[in-house]
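Here are my notes on the model you sent over, as numbered points. Please read them with the structure open beside you.

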Amino acid sequence: MKHILVTGSTGTLGRQVAGLLRTRGADVRGLSRRPGQAYQGDLATGAGLDAALDGAGAVVHCASDTRRFGRSDIDSTRNLLATASRTGHPHVIFVSIVGVDRIPYPYYRIKLEAEGLIDAYGGTILRATQFHDFVLGGARIAARLPLVFAPDVPVQPISTQDVAARIADLVDTPVPGRAADLGGPEVLRAPEVFRSYLAATGSRRRLVPVRLPGATFRAFRDGAHLAPANPSSGERWSDFLTARFPATGTT
Ligand SMILES: NC(=O)c1ccc[n+]([C@@H]2O[C@H](COP(=O)([O-])OP(=O)(O)OC[C@H]3O[C@@H](n4cnc5c(N)ncnc54)[C@H](OP(=O)(O)O)[C@@H]3O)[C@@H](O)[C@H]2O)c1
């Protein structure tokens, strides 16, 4: 049986993807820079990629240099695809973000350029809206200040399990080019999402919705990052919060 390579298998989404594909019976190998992974390798330098891709039937490309806003992502994607082209040309599924072509945010520009590489290779691009965990991270950072500033924009958070399920379907039934954008089950306002986080953690801090200037914020405000036409039927934000914070006062 050919294996499925999951890049970024130590990440928020990659962990879910690898786990789900395994439960469906696939031979899944993870790639990460950390020792102890099935394949230790560095996409940015290309180290370890030949071994990781040798015998791969499909690749789910979840890795991203998120801590440095995608700085090495173009080199990484190029290296991955160049090696894949030499080693049997497996199907590649790339995880992107809804609105990368409409929001002039630097990380999104990098994602869009990476999408172009995937498209030229003949892979599949799946754009998703913001993950629950990502929105939670934003709320946590905002809640460190005595006044909790929340961007006054809509948000359509989705669970990584739902994104992983869609990816697993795309592994089974490849779609050429861009798959339909995938959004969370409901469109909410970021201030109400942050407020629910404060309530779930027992915080009494005051929340202040903020309206920021600039084209990027305007695009977010206009909902360019949403996929209202294709909501998932999976976990809602409120259920995610309840699962994460079963007892008030936990952070
Ligand atoms: N966060 C969101 O709301 C959201 C929404 C839609 C789409 N996405 C996309 O979904 C993907 C996954 O996001 P995430 O939040 O799961 O990311 P994450 O938790 O930050 O994980 C990033 C992963 O990339 C790996 N990685 C980074 N640089 C690498 C390199 N040079 N070589 C090998 N591995 C490398 C990391 O592995 P090691 O550090 O172990 O090497 C880690 O496993 C990204 O492409 C992101 O743009 C995210």
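1. Threonine 201 is buried, because its relative accessibility is 7% (buried means under 20% relative accessible area, exposed over 50%, and partly exposed in between, with a 1.4 Å probe and protein chains only). Threonine 201 sits in the loop between helix H7 (190–200) and strand S11 (206–210); helices (H or I, at least four residues) and strands (E, at least two) are DSSP runs, numbered from the N terminus. Its side chain reaches the backbone oxygen of leucine 198 at 3.2 Å. That is a polar contact, meaning a pair of N or O atoms within 3.5 Å; within protein, one must be able to donate a hydrogen and the other to accept it, and residues adjacent in sequence count only if both atoms are side-chain atoms.

2. A word on the basis of these notes. The model is predicted, so local features need pLDDT of at least 70 and side-chain atom pairs count only at pLDDT 80 or more, while totals for chains, interfaces and linings use all residues. Residues are numbered from 1 along each chain as its sequence is written, and side-chain values use heavy atoms, with hydrogens and water left out.

3. Threonine 83 counts as buried because its relative accessibility is 5%. Threonine 23 lies in helix H1, and its side chain reaches the backbone oxygen of leucine 20 at 2.7 Å. Is threonine 23 buried or exposed? With a relative accessible area of 64%, threonine 23 is exposed.

4. Helix H1 deserves a look along its axis. Leu13, Gly14, Val17, Ala18 and Leu21 are buried in H1. They cover an arc of only 130° around the axis, so they lie on the same side of H1; the arc is that of the directions from the helix axis to the C-beta atoms. An α-helix has 3.6 residues a turn, so residues three or four places apart point the same way. On the face of H1 turned away from the buried side are the exposed residues Arg15 and Thr23. The length of H1 agrees with expectation too, because its 12 residues should span 16 Å at 1.5 Å a residue and its end C-alpha atoms are 18 Å apart. The expected span of a helix is 1.5 Å times one less than its number of residues.

5. Helix H9 (residues 237–244) can be read in the same manner. Which residues of H9 are buried? They are Trp237, Phe240 and Leu241. They cover an arc of only 100° around the axis, which puts them on the same side of H9. Thr242 and Ala243, on the other side of H9, are exposed.

6. Now the ligand. Of the 27 residues around the ligand, Thr10, Ser32, Thr66, Tyr107 and Lys111 come nearest (a residue is near a molecule or strand if one of its heavy atoms lies within 4 Å of it). Helix H1 (12–23), strand S5 (91–97) and helix H4 (106–121) each supply at least two residues of the shell, and S5 gives the most, with three residues. The shell divides into 11 nonpolar, 12 polar and four charged residues. Here Ala, Val, Leu, Ile, Met, Phe, Trp, Tyr, Cys and Pro count as nonpolar, Asp, Glu, Lys and Arg as charged, and the others, Gly among them, as polar.

7. A polar side-chain atom of arginine 33 lies 2.8 Å from an oxygen atom of the ligand. A backbone N or O atom of threonine 12 lies 2.9 Å from a ligand oxygen atom, and for a backbone N or O atom of valine 95 the distance is 3.5 Å. The protein covers 90% of the 910 Å² of accessible area that the ligand has on its own; accessible areas come from the Shrake-Rupley method with a 1.4 Å probe, and for residues, only the protein chains shown count as cover.

8. Two backbone angles are worth checking. Phenylalanine 69 has a positive phi, near 50°, and is a residue other than glycine. Phenylalanine 69 lies in the loop between strand S4 (56–61) and helix H3 (73–86) and counts as exposed because its relative accessibility is 52%. Phi of histidine 89, again a residue other than glycine, is positive and near 50°. Histidine 89 is found in the loop between H3 and S5 and, at 43% relative accessibility, counts as partly exposed.
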